[in-house]
Amino acid sequence: MVPQPRSRTRPKVPTRGVPLGYGCRMDERYERGRARFLEVHDEKALRTVEGLGELGHHIVSFVYGDLYTQPALTDRDREFGAVVALTALGRSSQLPQHLRAALHAGLSEEELREAIMLTASIAGFPPAMNAMSTLRNVLAEQDRNAEPEP
């Protein structure tokens, strides 16, 4: 008997309506996550994440539908942790959105600067330098958006 070649495609696994953790179905988690995402971030960020297709769907469902709805941490706490982790890991593409969310959640410019400086003592100066530059750009962007139209 000649062995059959293994298929490189996986069978389609349904994701809609499949029961998941927390006693919810995917649609409920996604809708809850989408609403929560918009409380933390903006429409532009949501479009970016949703543009990732299935990956974006999982991010919205799990991170924002499950984790960001847990009661133990405030949005301020979550965004502080996100900024520190993204700084330490050098994840500069996600950092601006989380810096904006951190400011929106009540962290001050001074608190964010200090968090980035503390991260430098553990994760190194190059990622902290990038994060400080990103913070400067986010703050400048906010200043431009806050200026009244002439």
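**Cavity, pocket and helix contacts**

Tutor: The structure holds 1 cavity of 30 Å³ or more. Keep in mind that this is a predicted model.

Student: What volume does the largest cavity have?

Tutor: About 50 Å³.

Student: And which residues line it?

Tutor: The lining is made of Leu-86, Thr-87, Gly-90, Arg-91, Ser-92, Leu-95, Pro-127, Asn-130, Ala-131 and Thr-134. Two elements give two or more residues each: α4 (75-89) and α7 (125-146).

Student: Which element gives the most to that lining?

Tutor: α7 does, with 4 residues.

Student: How does the cavity lining divide by class?

Tutor: There are 4 nonpolar, 5 polar and 1 charged residues in the lining of the largest cavity.

Student: Switching to pockets. How much space lies in the largest one?

Tutor: About 740 Å³. The lining of the largest pocket takes 28 residues.

Student: Which of those lie nearest the centre of the pocket?

Tutor: Val-49, Tyr-64, Gln-94, Gln-97 and His-98.

Student: Which helices supply the pocket lining?

Tutor: α2 (43-50), α3 (54-64), α4 and α5 are among the contributors, each with at least two residues. α4 gives the most, with 5 residues.

Student: And the classes there?

Tutor: The pocket lining has 15 nonpolar, 7 polar and 6 charged residues.

Student: OK, helix packing. At what angle do α4 and α5 pack?

Tutor: About 155 degrees, and their axes are 9 Å apart. Helix α5 covers residues 95-104. The two helices are therefore roughly antiparallel to each other.

Student: Is the crossing of α4 and α5 left-handed or right-handed?

Tutor: Left-handed. On the α4 side, Glu-79, Ala-82, Val-83, Leu-86 and Thr-87 make the contact. On the α5 side, the residues are Leu-95, His-98, Leu-99, Ala-101 and Ala-102.

Student: Next pair. How do α6 and α7 cross?

Tutor: At roughly 165 degrees, with axes that come within 8 Å. Helix α6 is residues 109-123.

Student: Why do α6 and α7 count as roughly antiparallel?

Tutor: Because angles over 145 degrees count as roughly antiparallel, and α6 and α7 cross at roughly 165 degrees. Their crossing is right-handed.

Student: Which residues meet there?

Tutor: From α6, Glu-109, Leu-112, Arg-113, Ile-116, Met-117, Ala-120 and Ala-123. They meet Phe-125, Pro-127, Ala-128, Ala-131, Met-132, Leu-135 and Leu-139 of α7. This contact has 12 nonpolar, no polar and 2 charged residues.

Student: Last one. What about α4 and α6?

Tutor: Their axes come within 9 Å and cross at roughly 40 degrees. That makes α4 oblique to α6. α4 passes α6 in a right-handed crossing.

Student: Which α4 residues touch α6?

Tutor: Arg-76, Phe-80, Val-83, Val-84, Thr-87 and Ala-88. Their partners in α6 are Glu-111, Leu-112, Ala-115, Ile-116, Thr-119 and Ala-123. The classes in the contact of α4 with α6 are 8 nonpolar, 2 polar and 2 charged.

Definitions and conventions: Residues numbered from 1 in each chain as written. Predicted model: local features only at pLDDT ≥ 70, side-chain atom pairs only at ≥ 80, totals over all residues. Heavy atoms only, no water. 1 Å grid on protein atoms, 1.4 Å probe; cavity = no way out; pocket = protein on both sides within 12 Å on 5 of 7 lines; lining within 4 Å. Points joined across faces, edges and corners; volume = space filled by probe spheres on them. Nonpolar A, V, L, I, M, F, W, Y, C, P; charged D, E, K, R; others polar. Axes fitted to C-alpha atoms, helices over the stretch in contact; angles between N-to-C directions. Parallel < 35°, antiparallel > 145°, perpendicular 65-115°, else oblique. Left-handed = near helix turned anticlockwise from the far one by under 90°. Contact = heavy atoms within 4.5 Å.
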